[in-house]
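Subject: Structure handover

Hello,

Here is the structure I promised you. Please open it alongside this note. What I found follows below.

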Amino acid sequence: MKIEIPMFHDVWMDNGVEHLYRILKESDGVKTNLLSNKFEFEIIDKENFLKSFVKKIEEKRDSVIFIEEKNETTNEKRNLKKDFVLIQYGKKVDGRNVLKEKIYLNPEERINEIFDIINENGNNKCIICGKNYKKRVDNLKQAVYPLVTKIKSLNGIRSTREQYVELCPLCYLIGTLEWCDEGIIYRVFPKSHSFVLLPKVYDFKTLYESKSKWINTVLSGERFSNIKVSKNNYEEVEWTSSEYSTLLCFFEKFLNWVCLEDEGLMSFESAKSEVCEDWVYMSIPWGMVKNIKFEDLDIENEVMGIIYELIKDEKYVYGDFIKKILYFRKTPNGTTIDNDLTNQTRENLSKYFLMDDFNKFSNTFIPRKKGRISINKESRGVLENLVYLWRLQKMGFEKEDLETIKSVGNIVAEVSTKSIGLLYRLDKARSIEEFWNSLREISRKMISLEKPVKAKSINGLIEMMNEKRENWEEIKNLLVIYSCMYYYIKTL
Ligand SMILES: [Zn+2]
């Protein structure tokens with residue numbers, strides 16, 4: 001029996017096909033062939049194949065979908081499904097949790113059922129793959145296809161009863177098994193929501209190669225995330241703020257591994273191509289109501305190279321800079337860390353860096369709600385390398401030119417401690433004229449504070465601007481970052 005699965009151009013299903021390949025490749029009685037745009041397999045020895053396939057499903061169900069949790073007081077262990085898995089629990093068996101979905105509850109029966117009819121042609125048309133089939137094994141539901149209510153082409157599916165049941169056995173198989181794909185990146189926020197990140201790669205071979213690498217080297221599952229980082233010689237789950245910081249943390253860990261593995265061999269260009277740029281994230285609410293959100297995340301290819309270059313220099317943009325950032329706020333009880341603003345700042349910096357939006361990145365540093373960002377010395381060093389690789393180098397400036405910007409930033413910060421509006425105005429400048437106006441005002445204020453303005457640094461900045469007039473906004477953004485940093489130091 002030979003089965004051919006062409007590409008779906010659907011992120012859940014295509015990851016599902018690649019995952020099916022990973023299972024069947026290790027199963028007995030079946031020959032597999034993965035091509036860029038399709039996956040073929042041929043069952044040579046049906047009895048052996050079914051037995052070994054079922055065993056694989058059971059193993060993956062127990063090791064990937066379920067986790068063991070120990071009750072701290074009673075020391076009792078219980079098995080829980082990961083919070084993002086959209087499959088209901090069935091009635092407990094021997095005190096252990098089981099899944100209601102038949103492929104996981106009784107895989108032997110369901111797999112036999114599927115492979116009895118999988119190649120039969122009939123008059124029904126599958127809503128996912130569009131192929132004709134004879135008999136279905138189940139209806140379309142979130143356990144098969146989590147995006148069921150969200151995909152445009154499937155709009156109204158909940159009301160169109162007929163279409164809702166039109167699902168071929170092969171799509172059922174691919175869709176339900178994707179839940180035990182260990183290559184899905186997830187992060188769970190207890191009592192709030194979970195999200196999963198799926199690579200969007202419309203080439204099975206590339207998808208397989210990238211995913212296999214990170215499955216074997218970077219990810220290891222726990223209840224709340226499968227990205228762990230080293231902390232005092234231990235690997236612990238990284239409590240990233242949201243989707244972009246999770247991706248950045250993942251990229252950094254992955255590229256670090258690539259870097260250590262192929263030291264000296266990997267070029268800037270090939271490092272960039274090692275990780276996927278296009279992702280989809282699904283946000284799944286906590287609790288029973290499962291109306292999920294999903295969105296595309298496009299990552300700029302260029303920033304991968306920057307992360308990699310920094311790693312080669314043992315500098316970590318996420319680990320040493322973004323995750324070390326804290327946001328302090330004055331409250332009636334004294335200055336305390338504002339956790340929401342801390343997370344928001346970390347998430348925004350990750351997001352705008354990955355999206356290559358330097359304007360919004362620099363704007364994130366602007367003081368908000370009478371609070372201030374705290375960045376330690378080591379983190380400032382990483383930031384300096386980051387802005388150099390990300391911006392200055394591209395404009396053709398030297399690292400020393402950053403000293404000019406820092407020096408003017410110091411002046412802006414000094415004046416801003418007396419009148420913060422000037423810093424906001426500088427940030428908001430939308431033309432080079434507006435920029436010069438606000439800088440002139442800052443110089444005047446400086447003189448009225450009876451502090452000498454370092455004419456040298458201002459002249460240096462004017463020179464930089466004149467040299468790269470088309471990049472004036474980039475230079476302004478750099479100035480905003482350093483003005484904010486000195487502002488925070490001065491207002492400590
Ligand atoms: Zn189908």
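In this predicted model, strand β14 (residues 326–331) pairs with β15 in the antiparallel sense. Four bridges join the two strands. One of the bridge pairs is Thr-331 with Gly-334 in β15. Helix α12 (residues 339–354) packs on the sheet. The helix touches β14, β15 and β16. Its direction makes about 150° with that of β14.

The sheet itself is open and has three strands. The order is β15-β14-β16, with antiparallel pairing. β15 (334–337) and β16 (371–374) are the edge strands. Each has a single partner strand, so one side of each has no neighbour in the sheet. On average, neighbouring strands here are turned by 30° against each other, direction ignored.

Another open sheet of three strands runs in the order β1-β3-β2. Its pairing is antiparallel. The edge strands are β1 (2–6) and β2 (30–34), and each pairs on one side only. From one strand to the next, the twist averages 10°. β1 and β3 (residues 38–43) pair over five bridges. Ile-5 has Phe-39 of β3 as its bridge partner. As background, strands of a sheet pair through backbone hydrogen bonds, in either a parallel or an antiparallel way.

**Helix α7**

Helix α7 covers residues 204–217. At 1.5 Å a residue, its 14 residues should span 20 Å. Which residues of α7 are buried? They are Phe-204, Leu-207, Tyr-208, Ser-210, Lys-211 and Trp-214. Note that Lys-211 is in that buried set. The cover over these residues includes β2 and β3, two strands of the β1-β3-β2 sheet. It also includes α1, β9 (193–199) and α8 (243–261).

**Helix α17**

Helix α17 covers residues 432–448. Its 17 residues should span 24 Å at 1.5 Å a residue. The end C-alpha atoms are 25 Å apart, which agrees. Phe-435, Ser-438, Leu-439 and Ile-442 are buried in this helix. Why do the buried residues of α17 line one face of the helix? Seen down the axis, they fall within an arc of 100°, so they line one face. On the other side, Glu-433, Arg-440, Arg-444, Ile-447 and Ser-448 are exposed. The buried residues pack against α15 (401–418), α16 (421–428) and α19 (472–490).

**Loop residues to look at**

Most residues other than glycine have a negative phi. Two residues with a positive phi follow.

- His-9 has a positive phi of about 60° and is not a glycine. It is found in the loop between β1 and α1 (11–25). His-9 has 10 other C-beta atoms within 10 Å. The cut-off for exposed is 12 or fewer, so His-9 is exposed.
- Asp-94 has a positive phi near 50°, and it too is not a glycine. It is found in the loop between β5 (77–81) and α3 (102–105). Asp-94 has 5 C-beta neighbours inside 10 Å, so it counts as exposed.

Lys-191 is also in a loop, between β8 (185–189) and β9. It has 8 C-beta neighbours inside 10 Å and therefore counts as exposed. How many residues separate Lys-191 and Asp-83 in sequence? They are 108 residues apart. In space, the C-alpha to C-alpha distance is 9.8 Å.

**The chain overall**

The protein chain has 492 residues, and 39% of them are buried. Its secondary structure comes to 19 helices and 16 strands. Along its principal axes, the C-alpha trace spans about 90 × 50 × 50 Å. Take the contacts between residues at least 6 apart in sequence: 65% of them join residues at least 24 apart.

**Confidence**

The mean pLDDT of the chain is 89. Of its residues, 94% reach 70 or more.

Best wishes

Key: Residues numbered from 1 in each chain as written. Predicted model: local features only at pLDDT ≥ 70, side-chain atom pairs only at ≥ 80, totals over all residues. Pairing = 2+ DSSP bridges. Axes fitted to C-alpha atoms, helices over the stretch in contact; angles between N-to-C directions. Expected span 1.5 Å × (residues − 1). Buried ≥ 20, exposed ≤ 12 C-beta atoms within 10 Å, placed from the backbone. Arc of directions from axis to C-beta. Contact = placed C-beta atoms within 7 Å. pLDDT = per-residue confidence, 0-100.
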